[in-house]
Amino acid sequence: MSQHQDATVVVQLLSLRKVYGKQRTRVVALDGVTAGFGRGSFTAVMGPSGSGKSTLLHCAAGLDRPTSGAVILAGRDLATTREAELTRLRRDRIGFVFQAFNLLPSLNVEQNVTLPLKLAGRRADKDLVRRVLSQVGLGERRGHRPGELSGGQQQRVAIARALVTRPEVVFADEPTGSLDTGSAREVLVLLQEAKNLAGQTIVMVTHDPVAASYADRVLFLADGRVVDELRQPTSGEVARRMTQLGSWAERPGPDGLRQGAVMR
Ligand code: ADP
Ligand code: MG
């Protein structure tokens with residue numbers, strides 16, 4: 001447990017279910033997920049392709065609504081919060097980092113980072129912005145546009161943008177998925193620092209055992225369920241469990257049929 005982590009649960013998922021489509025196209029993407037994320041914790045979510053990782057993250061971040069179950073954040077159930085309030089909660093309390101960076105190409109680094117504050121009608125605290133930019137190693141690049149930066153630098157801008165509102169939690173979906181090994185490492189160290197230095201709560205989806213080893217806990221998903229958990233993970237142990245998970249996930253159910261999501 002890190003220095004900042006305490007017993008306060010920032011996000012609680014309760015019996016989360018998400019069903020896409022109807023009848024022949026019906027897919028159970030989440031099949032009863034219950035999990036809590038403590039303040040100052042860094043959790044990695046792993047599982048085979050199609051196991052429900054992105055769906056889990058999107059439901060937990062209020063970007064998508066579960067079919068049933070609850071997502072408790074800041075004393076509210078995001079699953080049933082109406083849209084206007086949900087938009088506010090997402091803006092003020094939740095940070096999101098995507099695989100594809102999602103920066104605005106016409107805005108420079110500083111403008112991209114302060115955008116969430118502007119959208120919230122909050123004044124950008126110059127000191128805070130400077131601190132966050134130097135924290136992600138981009139103090140000298142504040143006037144550059146995304147197109148003038150490497151992929152790793154762009155993802156660091158996206159992380160600065162996610163951190164600048166000091167959210168309750170940062171969700172990251174494969175944040176290192178399109179980066180080379182060196183840039184990926186920088187991004188992971190940055191997330192770890194946000195946890196260690198600022199007590200930031202982080203939930204990161206990844207399929208990379210090395211990336212997962214930067215977290216302090218790994219949740220393993222298969223067919224929309226949490227099937228395993230590992231604390232203080234090493235990449236070797238994570239890889240070993242993923243291999244087991246592959247064979248576990250492909251084994252037929254008792255009725256001879258695989259249940260839930262399709263492996264790809
Ligand atoms: P992962 O991120 O682990 O690869 P996803 O959460 O993206 O898995 O998907 C879980 C399952 O739900 C998959 O079978 C996927 O095809 C299905 N799925 C995801 N999004 C949709 C959607 N919008 N409509 C229909 N099925 C979907
Ligand atoms: Mg995904």
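**A first walk through a predicted model**

Biologist: Hello! Is helix α1 mostly covered or mostly open, and how many of its eight residues are buried?

Modeller: Welcome! This is a predicted model, and helix α1 spans residues 53–60. The helix is mostly covered. Of its eight residues, the number that are buried is six.

Biologist: Which residues of α1 are buried?

Modeller: Buried here means under 20% relative accessible area. Past the end of the helix comes glycine 62, with a positive phi near 70 degrees. Within α1, the buried residues are Lys53, Thr55, Leu56, Leu57, Cys59 and Ala60.

Biologist: Now to the ligand. Which residues come nearest to ligand 1?

Modeller: There are 13 residues around ligand 1. Among the elements, α1 gives the most to this shell, with three residues. Those that come nearest are Gly50, Gly52, Lys53, Ser54 and Thr55.

Biologist: How far is a polar side-chain atom of threonine 55 from an oxygen atom of ligand 1?

Modeller: Let us go along the chain. Lysine 53 has a polar side-chain atom 2.8 Å from an oxygen atom of ligand 1. With serine 54 the polar atom belongs to the backbone, and an oxygen atom of the ligand is 3.0 Å away. For threonine 55 a side-chain atom makes the approach, and the distance is 2.5 Å.

Biologist: What share of the accessible area of ligand 1 does the protein cover?

Modeller: On its own, ligand 1 has 560 Å² of accessible area. The part of this that the protein covers is 64%.

Biologist: Which elements give two or more residues to the shell around ligand 1?

Modeller: By class, the shell has five nonpolar, six polar and two charged residues. The elements giving two or more are α1 and β2 (27–38).

Biologist: How many salt bridges does a search of the whole structure find?

Modeller: The pair of glutamate 83 and arginine 65 is a salt bridge too, at 3.2 Å, N to O. Glutamate 83 is in helix α2 (residues 83–93) and arginine 65 in the loop between α1 and β4 (68–73), 18 residues apart. Glutamate 83 is partly exposed at 44% relative accessibility, and arginine 65 is partly exposed at 28%. For the whole structure, the search finds 18.

Biologist: Is arginine 217 buried or exposed?

Modeller: Arginine 217 forms a salt bridge with glutamate 229, at 3.8 Å, N to O. The pair links strand β9 (residues 217–222), which holds arginine 217, to strand β10 (residues 225–231), which holds glutamate 229. Glutamate 229 is partly exposed at 35% relative accessibility. Arginine 217 has a relative accessibility of 10%, so it counts as buried.

Biologist: What are the edge strands of the open sheet of four strands?

Modeller: The order of the sheet is β2-β1-β4-β5, with antiparallel pairing. Nine bridges join β1 (residues 9–20) to β2, and glutamine 12 stands opposite glycine 36 in β2. An edge strand pairs on one side only, and here the edge strands are β2 and β5 (76–77).

Biologist: One last stop: which residue has its backbone oxygen 2.7 Å from a polar side-chain atom of threonine 81?

Modeller: Threonine 81 lies in the loop between β5 and α2. At 8% relative accessibility, threonine 81 counts as buried. The backbone oxygen at 2.7 Å from its side chain belongs to aspartate 77.

Methods. Residues numbered from 1 in each chain as written. Chains lettered and ligands numbered in written order. Predicted model: local features only at pLDDT ≥ 70, side-chain atom pairs only at ≥ 80, totals over all residues. Heavy atoms only, no water. Buried < 20%, exposed > 50% of the residue type's maximum accessible area, 1.4 Å probe, protein only. Near = heavy atom within 4 Å. Polar contact = N/O pair within 3.5 Å; in protein donor to acceptor, adjacent residues only side chain to side chain. Areas by Shrake-Rupley, 256 points an atom, 1.4 Å probe, with all protein chains shown as cover. Nonpolar A, V, L, I, M, F, W, Y, C, P; charged D, E, K, R; others polar. Salt bridge = Lys/Arg side-chain N within 4 Å of Asp/Glu carboxyl O. Pairing = 2+ DSSP bridges.
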